[in-house]
Amino acid sequence: MNQTRLSDHVYAAIVDIITGEGLEVGGRLPAEARLSEMFGVSRAIVREALMRLASDGITEARRGAGSFVKSRPSDRLAAFMPSTELPTTLGSYEVRFVLEAEAARLAANRRTPQDMADVEEGMALLRAALLSSEPAHAEDMELHRRIAQATGNPAFLVAFDALHADIDKIMRAGVDISRSRPPEVIATMLREHDQIVDAIRAQDAEGAALAMRWHLWEGRRRLMP
């Protein structure tokens, strides 16, 4: 097993500790040395897993004090992905922050009238789906694809589609978790998408990139309780 796969194993095991032992936000994780002993891996592997957990917003390191729980993954996540898939699935956000923010930027600069009409239609379909009781992940995916299409660069669609499996799980979970919360959560999701579309319509490249990055950041946060 290579180092990446070992760190995936430790990442998932630490999530299991957080959820299985009921660690609350602010709770302290066992020390690196203890985690190394528990999982039978080097401290370097544990450190790599903790760095990735911190990047995904689940833990945070405090200098001289260790690692603490920053956000607990929603219990509803288990219906869409086991903890063993979390490292790869949540890790896709790091790629999406780069890929989709730049896609939104380029879409704002390059979109044709037909591209804009397609994006606006995608937004209307997503709005109708989110405001109904029907699944909305397909419409969410389609809107993001249409934004990638509006860059005029087919490579963006190729890259986006390569992440399809992970994005699909995230979008399914995100809608389900959001619908289990107060109605304003769905309203917030719609507002975030509207801000992206509005910036593309106005050909505000920087605004579109920022709105997309904010939406992805908030989307990841919504996967936590």
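Modeller: Let's begin with charge: the protein carries 28 positive and 33 negative side chains, and the centres of the two sets lie 5 Å apart. Lys and Arg count as positive, Asp and Glu as negative, while His and the chain ends are left out; each charge is placed at NZ of Lys, CZ of Arg, CG of Asp or CD of Glu. This is a predicted model, in which local features need pLDDT of at least 70, side-chain atom pairs count only at pLDDT 80 or more, and totals for chains, interfaces and linings use all residues. Residues are numbered from 1 along each chain as its sequence is written, and side-chain values use heavy atoms, without hydrogens or water.

Now for the inside. Of the 225 residues, 49% count as buried, meaning under 20% relative accessible area with a 1.4 Å probe, protein chains only. A nonpolar core is a set of buried Ala, Val, Leu, Ile, Met, Phe, Trp, Tyr and Cys residues joined through side-chain atoms within 4.5 Å. The largest one has 56 residues, and Ile-14 and Ile-147 have the most contacts inside it. Looking closely at Ile-14, its partners beyond four places away in sequence are Leu-29, Leu-35, Phe-39, Leu-50 and Leu-53; a contact here means heavy atoms within 4.5 Å. A second, separate core has 11 residues, including Leu-99, Leu-106, Leu-163 and Ile-167.

Contacts also reach along the chain: among those between residues at least 6 apart in sequence, 75% join residues at least 24 apart. As for overall extent, the C-alpha trace spans about 60 × 35 × 30 Å along its principal axes.

How values were computed:
Buried < 20%, exposed > 50% of the residue type's maximum accessible area, 1.4 Å probe, protein only.
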